[in-house]
Amino acid sequence: MVDWVNNMQEIICAGCSEITRNHDIVNYSSEDGGSQLLCSRCFNAEVAKLSGLESFDNIRIQPIGITDCAGETHQFHFTQRLLGNMVALDAVELREESPDGYRFQMIGDPEGDSFALLGRLVEKIRRTLSVKHITDDDRYGLQIADKMVRGRIEGDYSGAEHAPVVVVDGREISWDDFGRLLMTFEGWQFKLEIRDISEDL
Ligand SMILES: [Zn+2]
């Protein structure tokens, strides 16, 4: 539903005419078959009306900076989307220089407290940012810090050949580089488990 490809791009919401970052825009298809690009708050208002959830807590959440275990601050932007019987709260790390940073999602109850959901999401972000799975130093370059790596699967569509990319510790690592990191463990076994973005890792 949300185009993650260029989160920094700005779009005018067809509902409130506010200039909105791409990550906060939803392509909304109405019952008459038309579609509009709406900011998440206008989208939520439409869904709330249709599903009789007028009490929905349609809050605007300001960006929050959260510091990782290396002392670096990551700027998170939040989007709350009402999806009928559930609410999805997304946190996206937005940076000018690299489109793929940390990303988190938490699913909640549309009649629940939005601030409590935000509190749980921030807790999850802090927990994740308190660990680094990859080390990077002048002598050895990129290395797997321990024997466990958590991350996210993304794609690189910039070249003629589409290639997988992984995002670990909020940094993009090419498939080739990730393969080289694994070579440290040549002959060892591994276990690959894939989970939805909203699940705990
Ligand atoms: Zn709007």
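**Exercise 1. Is Leu121 buried or exposed, and what does Leu121 touch?**

Step 1: with 0% relative accessibility, Leu121 counts as buried (buried is under 20% relative accessible area, exposed over 50%, partly exposed in between, using a 1.4 Å probe and protein chains only).

A word on the model before going on: it is predicted, so local features need pLDDT of at least 70 and side-chain atom pairs pLDDT 80 or more, while totals for chains, interfaces and linings use all residues. Residues are numbered from 1 along each chain as its sequence is written, and side-chain values use heavy atoms, with hydrogens and water left out.

Step 2: list the contacts (heavy atoms within 4.5 Å). Not counting residues up to four places away in sequence, Leu121 touches Phe78, Leu89, Asp90, Ala91, Phe104, Gln105 and Met106.

**Exercise 2. Which residues have the most contacts inside the largest nonpolar core?**

Step 1: a nonpolar core is a set of buried Ala, Val, Leu, Ile, Met, Phe, Trp, Tyr and Cys residues joined through side-chain atoms within 4.5 Å.

Step 2: the largest one has 29 residues, and Phe76, Phe78, Phe104, Leu121 and Ile125 have the most contacts inside it.

Step 3: helix 2 supplies the largest share of this core, 6 residues.

Step 4: apart from it there's another core of 7 residues, including Ile134 and Leu181.

**Exercise 3. What are the protein donors of the zinc ion, and what is the geometry of the site?**

Step 1: look for donors (N, O and S atoms within 2.8 Å of the metal, or 3.2 Å for Na, K and Ca; water is not among the atoms, so sites may look incomplete). You'll find the SG atoms of Cys13, Cys16, Cys39 and Cys42, lying 2.3 Å from the zinc ion.

Step 2: check the angles. They run from 105 to 114 degrees among the 4 donor atoms, which makes the site tetrahedral (for four donors, all angles between 85 and 135 degrees).

Step 3: read the spacing of the donor residues in sequence, C-x2-C-x22-C-x2-C. Cys16 sits in the loop between strand 1 (10–12) and strand 2 (19–21) and Cys42 in helix 1, so this pair ties together parts 26 residues apart in sequence.

Step 4: compare accessibility. Cys16 is partly exposed at 36%, whereas Cys42 is buried at 18%.

Conventions: Helix = DSSP H or I, 4+ residues; strand = E, 2+ residues; numbered from the N terminus. Tetrahedral: all angles 85-135°; square planar, octahedral: opposite > 155°, others 65-115°.
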